[in-house]
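Subject: Handing over the structure

Hi there,

Here is the structure I promised to pass on to you. Have a look at it first, and then read on for what turned up when I went through it.

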Amino acid sequence: MNFFRYLQRLFGARRKASLPAQGGQSEKIKKMMAMLSNTQEVELTCDEVFGLLDQFAELAARGEDVSQLMPLVKQHLDMCADCREEYRVLEKIVLNAA
């Protein structure tokens, strides 16, 4: 049994006939698998990233290589849509203030 089929069974798809009806669920499984494949041994929480966003935005506005200077924040922003949205708002504020 391949891993994808195993996850479908794990999350409730029991019969082959019911698999097409699980379209939304298979998308959730794909999204979860993508997130799992991108996890790192050391990661920051949303609260930790939120505390660093102002510094991250200022460095980015100055043209600094934030991927090199703050790789954990960058990695989190790549993965987390909520924090990425917060960063985009802050980035606009910092760029308009300059």
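Predicted model: local features only at pLDDT ≥ 70, side-chain atom pairs only at ≥ 80, totals over all residues.

Histidine 76 lies in helix 5, which covers residues 71-79. Its relative accessible area is 10%, and the cut-off for buried is under 20%, so histidine 76 is buried. Setting aside residues up to four places away in sequence, histidine 76 touches Leu44, Thr45, Cys46, Val49 and Cys83.

Now the overall picture. Buried residues make up 23% of its 98 residues. Among the contacts with a separation of 6 or more, 54% are between residues 24 or more positions apart.

Helix 3

Helix 3 takes in residues 46-61. At 1.5 Å a residue, its 16 residues should span 22 Å, and the end C-alpha atoms are 21 Å apart, which agrees. Helix 3 also has a kink of about 50 degrees, centred on leucine 52. Just after this helix comes glycine 63, with a positive phi of about 85 degrees.

Which residues of helix 3 are buried? They are Val49, Leu53, Phe56, Ala57 and Leu59. Their cover includes helix 4 (66-69), helix 5 and helix 6 (81-97). Aspartate 47 is found in helix 3 too, and at 68% relative accessibility aspartate 47 counts as exposed.

In helix 5, the buried residues are Val73, Gln75, His76 and Leu77, and what covers them includes helix 3 and helix 6. Leucine 77 is in contact with Val49, Leu53, Phe56, Cys83, Arg84 and Tyr87, leaving aside its neighbours within four places in sequence.

Several of these names come back in the largest nonpolar core. That core has 14 residues, of which Val49, Phe56, Val73, Leu77 and Tyr87 touch the most other members. Helix 3, helix 5 and helix 6 are the elements that give two or more residues to this core, and the largest share, five residues, comes from helix 3. As general background, nonpolar side chains tend to be buried together in soluble globular proteins.

The aromatic pair

How many aromatic pairs does a search of the whole structure find? The search finds one. The ring centres of phenylalanine 56 and tyrosine 87 are 5.2 Å apart and the ring planes stand at 75 degrees, so the pair is edge-to-face. This pair links distant parts of the chain, with phenylalanine 56 in helix 3 and tyrosine 87 in helix 6, 31 residues apart. Both phenylalanine 56 and tyrosine 87 are buried.

Salt bridges

The count of salt bridges comes to two. In one of them, the side chains of lysine 30 and glutamate 27 meet at 3.8 Å, N to O. Lysine 30 and glutamate 27 are three residues apart in helix 2 (residues 23-37), which means that about one helical turn separates them. Lysine 30 counts as partly exposed at 46% relative accessibility, and glutamate 27 is partly exposed as well, with a relative accessible area of 47%.

Aspartate 78 forms a salt bridge with lysine 74, with the closest N and O atoms 2.9 Å apart. Aspartate 78 and lysine 74 are four residues apart in helix 5, so about one helical turn lies between them. Aspartate 78 is partly exposed at 46% relative accessibility, and lysine 74 is partly exposed with a relative accessible area of 29%.

Side chains of opposite charge can then pair when their charged atoms come close.

Happy to go through any of this with you.

Best wishes

Note on methods. Residues numbered from 1 in each chain as written. Heavy atoms only, no water. Buried < 20%, exposed > 50% of the residue type's maximum accessible area, 1.4 Å probe, protein only. Contact = heavy atoms within 4.5 Å. Salt bridge = Lys/Arg side-chain N within 4 Å of Asp/Glu carboxyl O. Expected span 1.5 Å × (residues − 1). Bend = angle between axes of the 7 residues up to and from the residue. Phe/Tyr/Trp six-rings, centres within 6.5 Å; stacked < 30°, edge-to-face > 60°. Core = buried A, V, L, I, M, F, W, Y, C linked by side-chain atoms within 4.5 Å.
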